[in-house]
Amino acid sequence: MADLTATEPPQLSRSLSLGGASAISTGLAFAAINFLGMAALLTYISGPLSWIAVLAGGVLILGVRGLFSELNGLYPTAAGIRLWMGRAMNDRVALIITLTYMTAIVLVIGADAYIIGEALAYAFDNGHLVAMVYVTVLLVLATWLNLRGIKLAGVAEKIVTSIVVVGTVAIGVAAIVNHGPVAHPGAGSSSSPLQALILGIFLYTGFEWVTTNAEEVTKPKTIQRAMLVSVLVLAVSQAVFAVAMGLTLNGEQLGTAYPQLLVAEAALGHVGMLVMLAITALTAVNTFNGGFVTMSRFIYAVAREGKLPRALARLNDRAVPVLPVYLLGGSSLVLAGVVALTGSFFVMVSVCAALEMMIYAAAGYVVWRLRRRDPDQARPFRMRGGAFVALGCTGLFGLLGLLASVSVGPDINPVPLLIVLGFAVLATSYVFTYVPRLERREAEELAARRAARAAARAAARAGTQVVEASEGAPS
Amino acid sequence: MSADVSRDAVSAEELHEALVEYVDKANASPRSKKTLASWTCRIHIQATDLPDAAFTFHVIKGIAQPIVQGLEGVPDLVVRGGSMDLAEIFWGDANPVSNYMQGAIKTQGRADDVMRLDAMAMFIFLGQ
């Protein structure tokens with residue numbers, strides 16, 4: 001028999017290794033939309049210097065890693081975000097932030113589908129209409145695979161992420177070595193280090209989603225280390241490719257939905273472009289695999305918790321939450337269609353960046369609040385600098401999020417802010433009008449079940465006492 | 001009925017009985033057997049407030065095996081919590097996900113296994 005105490009970490013038959021967790025963290029962050037993030041970054045900073053913005057973003061992301069490591073140490077669970085926000089702030093506010101944040105995942109899936117569709121159309125010389133057909137096929141395929149319960153196994157995830165990283169670095173290095181005269185003249189009038197920094201941070205966003213795998217590791221430090229490995233890998237690979245992009249592409253090329261293909265084509269010709277197309281498609285494997293699975297399971301859990309309609313917790317015969325998967329596929333398709341019609345893919349970059357900064361600001365606040373509320377609680381990982389650094393992160397990322405929400409490429413544009421506010425208003429009205437009804441029903445059902453059980457136990461006890469009394473009575 | 005009355009402690013025997021009852025219900029649920037037909041999982045269930053309340057719940061291809069007292073073999077999933085929180089889940093009185101989201105129970109293992117364990121409870125008690 002296993003000797004397992006309540007405090008000792010258990011041995012599991014299948015646990016996540018450092019390599020596996022690092023691959024998940026890196027794969028979730030390295031989406032196709034990152035290439036557009038690099039292109040947007042290059043509108044603020046000259047190509048040869050773009051690595052500074054990427055590395056500076058990485059330094060700030062190390063602070064985010066500190067926040068998430070502390071929170072993950074306190075609540076090592078897939079429900080972490082609900083738990084730690086619920087402990088630090090009003091549950092309704094926590095739910096609003098969580099629901100708004102979840103839209104970022106839909107945005108990334110929709111934007112990635114659009115980018116890959118456009119990349120395929122460019123590679124095979126098709127028009128925008130055919131690109132939308134590709135997008136539809138991709139999303140239908142992703143939805144179907146998810147409904148069948150098919151997902152990337154751990155080893156495959158490591159292989160896919162390794163190919164994406166190594167391939168990106170190799171093409172980036174080839175482009176740097178082979179580049180001609182610097183095509184991109186530099187930031188010029190739109191030079192803005194702060195906005196370059198925001199996009200530098202954006203290139204790492206999503207790496208923290210690996211904390212939802214906290215229950216799959218046997219050593220708590222694995223997740224913290226995996227996030228560190230991921231930040232280092234993302235820093236090197238994306239800094240190299242951002243410089244390559246800056247040295248290779250002109251302003252017009254940077255404005256396309258497939259700048260990474262143009263870099264590869266310039267460096268290695270048609271074959272290089274096709275290789276980059278395959279790498280782009282592989283980033284989507286990670287995004288779709290991670291995004292669909294994480295998001296649909298999270299919706300299922302919130303519905304089971306009684307905060308979303310019960311229909312969202314219905315499972316098919318493969319134990320997959322059907323409606324969340326359909327909703328994800330459908331909303332991603334609609335989003336990709338809107339982006340295709342409006343050509344507003346840089347707006348998506350800004351919205352995603354703003355939403356991620358918002359969650360980083362919230363995480364800083366939660367660390368600060370929990371340090372004050374429960375200073376003596378055991379923390380397997382403590383963020384360096386204490387509560388004030390955490391509060392500083394809230395201020396910094398709050399400010400950067402606000403900036404991200406009013407800038408699109410080199411222009412000041414309030415559309416991302418309006419979109420974020422729109423999501424927040426929808427989530428707020430849902431939480432204050434519909435959730436109380438769901439909660440009332442849940443509480444009534446729970447009370448009724450508990451009452452029935454307590455009555456049954458009381459009756460059983462009374463019956464036992466009667467038997468004991470009759471057994472003890474003289475015959 | 002006040003919540004206080006229903007939240008009194010349970011003994012290791014009561015928790016064991018709750019698990020045995022749960023296994024019977026799981027095997028009587030056609031939906032559970034069909035949907036979880038490919039699921040094999042060894043689960044260690046441990047009450048944090050009762051030192052002798054530790055059980056092994058083994059599901060083989062969707063069929064729940066008889067509960068074993070004590071922790072047997074290397075688990076795929078570990079579920080820990082207060083004895084009352086655990087018993088209420090296996091009685092069907094409490095929502096496992098609510099307990100999980102509030103941190104009343106803790107799990108260790110793959111998210112897929114956690115979800116399937118919850119799905120089993122949902123099939124048994126909500127008749128889905």
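In this structure, helix α2 of chain A passes helix α8 of chain A in a left-handed crossing. Keep in mind as you explore that this is a predicted model.

**Helices α2 and α8 of chain A**

- Helix α2(A) covers residues 33-41 and helix α8(A) covers residues 193-202; their axes come within 9 Å and cross at roughly 165°.
- Angles over 145 degrees count as roughly antiparallel, and α2(A) and α8(A) are therefore roughly antiparallel to each other.
- On the α2(A) side, the residues that meet α8(A) are A:Ile33, A:Gly37, A:Ala40 and A:Leu41.
- Their partners in α8(A) are A:Ala196, A:Leu199, A:Gly200 and A:Phe202.
- Sorted by class, this contact has six nonpolar residues, two polar ones and no charged ones.

**Helices α1 and α7 of chain A**

- Helix α1(A), residues 18-29, packs with helix α7(A), residues 154-178, at an angle of about 55°, and their axes are 9 Å apart.
- That angle makes α1(A) oblique to α7(A).
- Here, too, you can look for the handedness: α1(A) passes α7(A) in a left-handed crossing.
- From α1(A), the contact is made by A:Gly19, A:Gly20, A:Ala23, A:Ile24, A:Thr26 and A:Gly27.
- From α7(A) come A:Glu157, A:Lys158, A:Thr161 and A:Val165.
- By class, the contact of α1(A) with α7(A) has three nonpolar, five polar and two charged residues.

- The size of an interface is often given as the accessible area lost when the parts come together.
- Chains A and B bury about 4300 Å² between them, with 49% of it on carbon and sulfur atoms.
- Of the area that chain A buries against chain B, 16% is supplied by A:Arg304, A:Arg450 and A:Arg453, more than by any other three residues.
- The contact takes 45 residues from chain A and 55 residues from chain B.
- Four salt bridges are found across the interface of chain A and chain B.
- A:Asp317 forms a salt bridge with B:Lys34, and their closest N and O atoms are 3.0 Å apart.

**Salt bridges in the whole structure**

- Over all chains, the structure holds 15 salt bridges.
- One to find on screen joins the side chains of A:Arg371 and A:Glu70, at 2.8 Å from N to O.
- A:Arg371 lies in helix α13(A) (residues 345-373) and A:Glu70 in helix α3(A) (residues 50-74), so this pair ties together parts that are 301 residues apart in sequence.

Conventions: Residues numbered from 1 in each chain as written. Chains lettered and ligands numbered in written order. Predicted model: local features only at pLDDT ≥ 70, side-chain atom pairs only at ≥ 80, totals over all residues. Heavy atoms only, no water. Axes fitted to C-alpha atoms, helices over the stretch in contact; angles between N-to-C directions. Helix = DSSP H or I, 4+ residues; strand = E, 2+ residues; numbered from the N terminus. Parallel < 35°, antiparallel > 145°, perpendicular 65-115°, else oblique. Left-handed = near helix turned anticlockwise from the far one by under 90°. Contact = heavy atoms within 4.5 Å. Nonpolar A, V, L, I, M, F, W, Y, C, P; charged D, E, K, R; others polar. Buried area = accessible area lost by both parts, 1.4 Å probe.
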